Amino acid sequence: AIADKYPNACHDTIMVTGSANDDVVDMCVASGVNHLLEKPVRPYALQLAVRSIVSKYLKFAKLLLSNPDFAQRIGRI
C-alpha cells in the first residue's frame, strides 16, 4: 500500500524478522527490499543498513546541488 504513493519505499525498507526462512527471503527479493535483518538485531547491522539508505539520499542531494540542469529536470517531475 505504501508503494502506491512512494514507489521507492521498498528500496528504503529495513525488514526485521525473527527467522529469515526461504519464504521471507523470497518475499523480500520479489518486493525489492534490500535490507533484511534477523533478530536479535546487532547494532552494527542496523547502523549499516540505515547508513546505506541515507548515503543514497546524500549522493542524490549532492547531485542536485552540483548539477543545475539535472535539478531543473527533477523539479519538473
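Predicted model: local features only at pLDDT ≥ 70, side-chain atom pairs only at ≥ 80, totals over all residues.
A salt bridge here is a side-chain nitrogen of Lys or Arg within 4 Å of a carboxyl oxygen of Asp or Glu.

**Entry 1: salt bridges**

I looked for pairs that meet the cut-off. The structure holds one salt bridge. Its partners are Asp-12 and Lys-56, with the closest N and O atoms 2.5 Å apart. I then checked where the two residues sit. The pair links distant parts of the chain, 44 residues apart. Asp-12 is in the loop between helix H1 (2-5) and strand S1 (14-17), while Lys-56 belongs to helix H3 (residues 43-66). Side chains of opposite charge can pair when their charged atoms come close.

**Entry 2: the whole chain**

I went through the secondary structure next. I found four helices and two strands in the chain. Read from the N terminus, the order is α-β-α-β-α-α. The radius of gyration is 16 Å, well over the 11 Å that the globule rule gives for 77 residues, so the chain is more spread out than a compact globule. I also took the box along the principal axes. The C-alpha atoms fill roughly 45 × 30 × 15 Å.

Then I turned to burial and surface. Buried residues come to 14% of the 77 in the chain. For contacts, I kept pairs at least 6 apart in sequence. Of these, 23% join residues at least 24 apart.

The chain has 9 positive and 7 negative ones. Their mean positions are 14 Å apart.

**Entry 3: strand S1, Thr-17**

I picked Thr-17, which lies in strand S1. Its relative accessible area is 14%, under the 20% cut-off, so Thr-17 is buried. Which residues does Thr-17 contact, leaving aside neighbours within four places in sequence? I noted Val-24, Leu-36, Leu-37, Glu-38 and Lys-39.

**Entry 4: strand S2, His-35 and Glu-38**

His-35 is in strand S2 (residues 35-38). At 13% relative accessibility, His-35 counts as buried. I listed what His-35 touches, not counting residues up to four places away in sequence. The list is His-11, Thr-13, Ile-14, Met-15, Ala-49, Ser-52 and Ile-53.

Glu-38 has its place in strand S2 as well. Its relative accessible area is 45%, so Glu-38 is partly exposed. With residues up to four places away left out, Glu-38 touches Thr-17, Gly-18, Ser-19 and Ala-20. I checked one of these by C-alpha distance. Glu-38 and Ser-19 are 19 residues apart along the chain, and their C-alpha atoms are separated by 6.0 Å.

**Entry 5: the loops on either side**

Where is the cis peptide bond? I found it joining Lys-39 and Pro-40, with omega at about -5°. Most peptide bonds are trans. Pro-40 lies in the loop between S2 and H3.

I then moved to Asn-21, in the loop between S1 and helix H2 (22-31). Asn-21 has 38% relative accessibility and so counts as partly exposed. From there I took a C-alpha distance to Val-41. Asn-21 and Val-41 are 20 residues apart along the chain, and their C-alpha atoms are separated by 16 Å.

**Entry 6: recap**

The Asp-12 to Lys-56 salt bridge links distant parts of the chain. His-35 touches Met-15 and Ile-53, among others. The cis bond is between Lys-39 and Pro-40.

Technical notes. Residues numbered from 1 in each chain as written. Heavy atoms only, no water. Rg over C-alpha atoms; globule rule 2.2 N^0.38 Å. Buried < 20%, exposed > 50% of the residue type's maximum accessible area, 1.4 Å probe, protein only. Contact = heavy atoms within 4.5 Å. Lys, Arg positive; Asp, Glu negative; His and termini not counted. Charge placed at Lys NZ, Arg CZ, Asp CG, Glu CD.
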